[in-house]
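Work through the exercises below with the structure open. Each task is followed by a solution in short steps.

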Amino acid sequence: TMAFRHKNTRRIEGLDSNVWVEFTKVAADPSIVNLGQGLPDISPPSYVKEELAKAAAVDRLNQYTRGFGHPSLVKALSQVYERVCGRKIDPLTDILVTVGAYGSLFSTIQALIEEGDEVIIIEPFYDCYEPMVKMAGAKPVFIPLRYKNDGNSASSADWVLDPVELADKFNSKTKAIILNTPHNPIGKVFTREELQVIADLCIKHETLCISDEVYEWLVYKGNKHIKIATLPGMWERTITIGSAGKTYSVTGWKLGWSIGPQNLIKHLQVVHQNTLYTCPTPLQEALAQAFWIDYKRMDDPGCYFYSLSRELESKRDRMAQLLQEAGLKPVIPDGGYFMIVDVSTLNVDLSDVDEKQPYDYKFVKWMITSKKLSAIPLSAFCGPETKRQFEKYIRFCFIKKDSTLDAAEVILKNWNKQPA
Amino acid sequence: LRTHSLLSLFLQAKMSRPVQARRLEGIDKNIWVEFVKLAATYSTVNLGQGFPDFPPPDFLKEAFVKALSGENHMLHQYTRAFGHPPLVKILAQFFGKLLARDLDPMTNVMVTVGAYQALFCCFQAFVDEGDEVIIIEPFFDCYELMVKMAGGTPVFVPLRPKAPKDGKLMSSADWQLDPAELASKFSKRTKAIVLNSPNNPLGKVFSRGELELIADLCVKHDVLCISDEVYEWLVYDGKEHIRIASLQGMWDRTVIIGSAGKTFSATGWKVGWTVGPNRLLQHLRTVHQNSVYHCATVAQEAVAQGFQREFERYGKPDSYFVQLSKELQQKRDWLVQSLDAVGMKPIVPEGTYFLVADISEFKSDVPDVPNTDEPYDTRFAKWMVKNKGLAAIPLSAFYCGAHKNNYNHFIRFCFAKEEATLKAANDILQKWKLEKISP
């Protein structure tokens, strides 16, 4: 045989496995009620689809557009976010449009993080943060959210960072901290005070903040999404990331954006022009038009940003009720469209499943095969040290149409019944 | 007090380092940013950046609208990360037929955000610091930038022009590699060679002999081949596009890259793909899942429909690939005529929708400036767009820094343009020539 010495580069060593590849395959069976992966099975609003049809009919919108972001889209984004942030945002220098928020995370990390850097990641975390930091050659430093209450109420607000523990994670090598609010998977909406603690440390240690705010509009009654970039001293050190997929229920459009000061965004733009150069045109045009429609009604409760949130709040409440009726104690999220629940109280004995996987992985696989219901194991969202702490939790996604939640209800109501 | 001053020392050290990562060194400049802006500001006729000014075919646009507005609204949600199943299935079928090989859609095909992202995945997956990558000049500029970003060392080898036969126009076939020179570029550190056939900017379609030369060296030195074949369907004069992966010993070490943008005249859709053996594609999947993860669904669905249609019509007169190639050959011939008539010497391309022309006879309009870093053709192209409203790209844009002055009296035109655009270009050129004869 011919010589062949080619293996993967060092930068991707050990980064080949991925919880989604594993679990989306397993849940692909249509007979399974899929509350696992975070994608809506509700339709996007019709005007969003109409704008895409309109865009595709214009010849030049099927060809390349401006690399850093289609002009009408960056203009619309700058208007919406100027209003939200209360500051001027230059569409050409302060914004980069990327392939999903995922692409923004990648561009930010590749632009600003390298070997020798440490990056603080709050556990549980959206799973890509860790491999992306590693691929950039840097060291992830984990700090867990800890459940502070002993009592019966379980709200995402009960999960907090210990300020002393957090301060201890910062040192001269700390290049950035990744913040995710509203938080996936717990649904925590960081309060102003909590953000101030983080901001103070960033300023003190000259640390950047990568703020993943894809669920920014999905915030439930009594809660307010606050952008850490709007805190004093933070705009100049923060990249704020948003997502069309989460904003308009079009995860398959894969459009996201990074917003920040020119002296940081320019480096993300360099990464972008050397990785994929430009994002699809018709999708960007359609998104721009959708943003104009909702920008004009941002004072109106009918604005999709708020109406989606209201729709999801009732789904959240229904999901919580279903789980409670099954004898479980879900953590009620203040934002986002995920809900975590401690399943150890069900006492499902999986000790005979002799895989080296954490309990929640085994539980979800068992639940998929025997209950035809899927979720995502929480230990997929933590570093190696905390897997024990989180392996009794699983995550449900509730941005699902009524019939899906109805089917979940049947399964949960019949949970304790033995099969015939 | 002591801890405080120590902390401020550390802070000073951190603040004195640049905020950006070292991997961005030397890759921040990009000629397209500048030339796209110039074209937008000054040009009346834009033959610069490579994209068609005619629309994608109706059947493709219809497939897109059907996908976005159909009953299945799940096409607006995530699809399979490594490629929408209908698309990878038809790509496996189509390229399996072309390569006479059984391809598994799940492991031998991966969809990317344009061919650009496919290239990125290849370099990130296979090029480590210290690895050398051979790049044939002139080259699509991102190859050098991506090799550098991956920490690799680009090693350049030029296509050299041979004088054309008496009385004939030069052809892209007259630009050739020197076999000994090519062989000398392979070293122990050579990880890969980037092949681009049909070649942008020259339009060269590598012959079987030329590909065998490259293949033999790849096998001998155990080197990977990154084969950028985005213009695979744009081949003229009955020439054949030969896929290097079909040569002896090459399938196992080649990643083939393709583009829906170029195939279906829809550059703004940004759908590309890689085809290759699983032992190479597995690493591309790792890069992909840690960088963009999913590609947009609707466009993939539409491209799948497009390929299905073409698969059924392969080689037949009503195949879009056949028709597009015919149309573009005609446009090529028009532009060749236009340029030749005014004294710009075209190098007739065997493929792609680009054409390079020698502008030496127009040098008097743009005098040489001593002691300048800017290559002559770049100054010429900038002058031309500002003063004549005609946008083209200087050939030096496709050479590495050290070689930018080797062939600095050529500019590249894109002829994937409507008849009216090419006529307007002709008018500009004719007027210009008249001004030279009788100023």
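**Exercise 1. The interface**

How much area is buried between chain A and chain B, and what percentage of it do carbon and sulfur atoms give?

Solution. Keep in mind that this is a predicted model.
- Step 1. The area buried between chain A and chain B is about 7100 Å². Carbon and sulfur atoms give 55% of that area.
- Step 2. Gln63(A), Tyr64(A) and Asn274(A) supply 10% of the area that chain A buries against chain B, more than any other three residues.
- Step 3. Count the residues in contact. Chain A brings 81 residues and chain B brings 83 residues.

**Exercise 2. Salt bridges between the chains**

Determine how many salt bridges cross the interface of chain A and chain B, and inspect two pairs.

Solution. 
- Step 1. The rule finds 5 salt bridges across this interface. Over all chains the count is 48.
- Step 2. Take Lys61(B) and Asp59(A). Their side chains form a salt bridge at 3.5 Å, N to O. This pair crosses between chains: Lys61(B) lies in helix H3 (residues 58-69) of chain B, and Asp59(A) lies in the loop between helix H2 (46-56) and helix H3 (71-85) of chain A.
- Step 3. Classify both ends. Lys61(B) has a relative accessible area of 18%. The cut-off for buried is under 20%, so Lys61(B) counts as buried. Asp59(A), at 33%, is partly exposed.

**Exercise 3. Salt bridges within a chain**

Solution. 
- Step 1. Lys227(A) and Glu216(A) form a salt bridge at 3.0 Å, N to O. The two residues are 11 residues apart, both in the loop between E8 and strand E9 (238-243) of chain A.
- Step 2. Lys227(A) is buried at 4% relative accessibility. Glu216(A) is buried at 5%.
- Step 3. Arg309(B) and Glu310(B) form a salt bridge, with the closest N and O atoms 2.9 Å apart. Arg309(B) is partly exposed at 22%, whereas Glu310(B) is buried at 0%.
- Step 4. Now look for a network. Arg318(A), Glu325(A), Asp406(A), Glu409(A) and Lys413(A) are linked by salt bridges.

**Exercise 4. Strand E7 of chain A**

Which strands pair with E7(A), and in what sense?

Solution. 
- Step 1. Locate E7(A) at residues 174-180. Of its 7 residues, 7 are buried.
- Step 2. Strand E3 (residues 118-123) of chain A pairs with E7(A) in the parallel sense over 4 bridges. Here Val119(A) stands opposite Ala176(A).
- Step 3. Strand E8 (residues 208-212) of chain A also runs parallel to E7(A), joined by 5 bridges. Here Ile177(A) stands opposite Cys209(A).
- Step 4. Trace the chain from E7(A) to E8(A). The path goes through helix H7 (residues 192-204) of chain A, and this β-α-β crossover is right-handed.

**Exercise 5. Helix H11 of chain B**

Compare the span of H11(B) with the expected value, then find its packing partners.

Solution. 
- Step 1. H11(B) covers residues 297-312, which makes 16 residues. From first C-alpha to last it reaches 23 Å, close to the expected 22 Å.
- Step 2. List buried residues. Among them are Thr297(B), Val303(B), Phe307(B) and Glu310(B).
- Step 3. The buried residues of H11(B) pack against several elements of chain B, including H3, helix H4 (85-99) and helix H12 (320-342).

Methods. Residues are numbered from 1 along each chain as its sequence is written. Chains are lettered from A and ligands numbered from 1 in the order in which they are written. This is a predicted model: local features need pLDDT of at least 70, side-chain atom pairs count only at pLDDT 80 or more; totals for chains, interfaces and linings use all residues. Side-chain values use heavy atoms; hydrogens and water are left out. Buried means under 20% relative accessible area, exposed over 50%, partly exposed in between (1.4 Å probe, protein chains only). Two strands pair if DSSP finds at least two bridges between them. A crossover is right-handed if, with the strands pointing away from the viewer, the path from the first strand over the helix to the second runs clockwise. A salt bridge is a side-chain nitrogen of Lys or Arg within 4 Å of a carboxyl oxygen of Asp or Glu. The expected span of a helix is 1.5 Å times one less than its number of residues. Contact means heavy atoms within 4.5 Å. Buried area is the accessible area (1.4 Å probe) that two parts lose on being put together, summed over both.
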